[in-house]
Amino acid sequence: DAADVPLNRPRHAGDNATPSGNGLMAQAMARLFHLTGDEFWRSRTVAVLRAFSGDRARLSTMPTLLAAADLLENAVTVVVAGLPDANANLLLSIGRKSADPRIVVLHAASADALPSSHPAFGKTTPAAAYVCRAGTCSLPVSQPDALRALLRTNR
C-alpha cells in the first residue's frame, strides 16, 4: 500500500548538497564521446542538455549540467599512443595531473587501437602524445615539456 508515493519521480538537473544525477550522467556521456569519438554519446549528451535547458531562469542552479555542456564543446583529449613504458607513463601522468576539468586522457597501446571515429585514429608514432580538440589533433609530442606547453596553449 503506497498510496502516498507519486507515480513519477520528479526529474531535475539542479544541484543541491550533492551534484545532480542528470548533470553527472551528462558529464559521463560527454567524456565517453571524447574517449570514443562515437557520435552516439554526443547525441545522448545533447538530448540530456536540451531536456533541462529550457528553463533559463534555473540554469544558474545547474552548474554540473553547465559543466557537462562545457566539456562536450571544449574538451581537450590527450591521447598517449604506445606500449606502457616510462615515457608513456610520464606523458599520461602529465595529462592526468592537469587541473583543467575539460582534459580527458586516453591511453592506447597503438593509435590504431582507437575507434575509427576518433580524431587520433591512425596516428602511428609510438610513445607519443596527441592533443586533440574540436576533431583535430596536434602533431605528436614525446617530450614532457612539449606536452605541458601544448596543454597550456589549449586552455
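Analyst: Start with one definition: a residue counts as exposed over 50% relative accessible area, and as buried under 20%. The model discussed here is predicted.

User: Why is Ala-134 called exposed?

Analyst: Its relative accessible area is 74%. The cut-off is over 50%. Ala-134 is therefore exposed. Ala-134 sits in the loop between strand S3 (128-133) and strand S4 (136-137). Its phi is positive, about 55°, although Ala-134 is not a glycine.

User: What makes His-118 buried?

Analyst: The relative accessible area of His-118 is 4%. Buried means under 20%, so His-118 qualifies.

User: Where is His-118 in the chain, between which strands?

Analyst: His-118 lies in the loop between strand S2 (103-108) and S3.

User: Which residues does His-118 touch, leaving out those up to four places away in sequence?

Analyst: The list is His-34, Leu-35, Thr-36, Gly-37, Thr-77, Val-79 and Leu-106. Cys-132 comes 14 residues apart from His-118 along the chain, and the two C-alpha atoms are separated by 9.5 Å.

User: Why is the pair of Phe-40 and Trp-41 called edge-to-face?

Analyst: Two values describe a pair of aromatic rings: the distance of the centres and the angle of the planes. For Phe-40 and Trp-41 the centres are 4.9 Å apart and the planes stand at 75°. Pairing needs centres within 6.5 Å, and edge-to-face needs planes over 60 degrees apart. Both conditions hold, so the pair is edge-to-face. A search of the whole structure finds 1 aromatic pair.

User: How do you know whether Phe-40 and Trp-41 are buried, exposed or partly exposed?

Analyst: Phe-40 has 44% relative accessibility. Trp-41 has 25%.

User: Why are H4 and H5 called roughly parallel?

Analyst: Packed helices are described by the angle between their axes and the distance between the axes. Helix H4 (residues 86-96) and helix H5 (residues 144-153) pack at about 25°, with axes 10 Å apart. Angles under 35 degrees count as roughly parallel. H4 and H5 are therefore roughly parallel to each other. Leu-90, Leu-91, Ile-94 and Gly-95 of H4 make the contact with Pro-144, Leu-147, Arg-148 and Leu-151 of H5. The crossing is right-handed.

User: What makes a set of residues a nonpolar core, and which members of the largest one touch the most others?

Analyst: Members must be buried, be of a listed nonpolar type, and be joined through side-chain atoms within 4.5 Å. The largest core has 15 residues, and Val-48, Phe-52 and Leu-65 touch the most other members. Helix H1 (21-36), helix H2 (39-52) and helix H3 (63-74) each supply at least two of its residues. A second, separate core holds 13 residues, including Ala-88, Leu-91, Ile-94 and Leu-147.

User: Which residues is Leu-65 in contact with, leaving aside neighbours within four places in sequence?

Analyst: Leu-65 contacts Ala-13, Asn-22, Gly-23, Ala-26, Val-48, Leu-49 and Phe-52.

User: How many helices and strands does the chain have, and in what order?

Analyst: There are 5 helices and 4 strands. From the N terminus they run α-α-α-β-α-β-β-β-α. The C-alpha trace spans about 60 × 25 × 25 Å along its principal axes.

User: What share of the 155 residues in the chain is buried?

Analyst: Buried residues make up 37%. Among contacts between residues at least 6 apart in sequence, 62% join residues at least 24 apart.

Terms used: Residues numbered from 1 in each chain as written. Predicted model: local features only at pLDDT ≥ 70, side-chain atom pairs only at ≥ 80, totals over all residues. Heavy atoms only, no water. Buried < 20%, exposed > 50% of the residue type's maximum accessible area, 1.4 Å probe, protein only. Contact = heavy atoms within 4.5 Å. Phe/Tyr/Trp six-rings, centres within 6.5 Å; stacked < 30°, edge-to-face > 60°. Axes fitted to C-alpha atoms, helices over the stretch in contact; angles between N-to-C directions. Parallel < 35°, antiparallel > 145°, perpendicular 65-115°, else oblique. Left-handed = near helix turned anticlockwise from the far one by under 90°.
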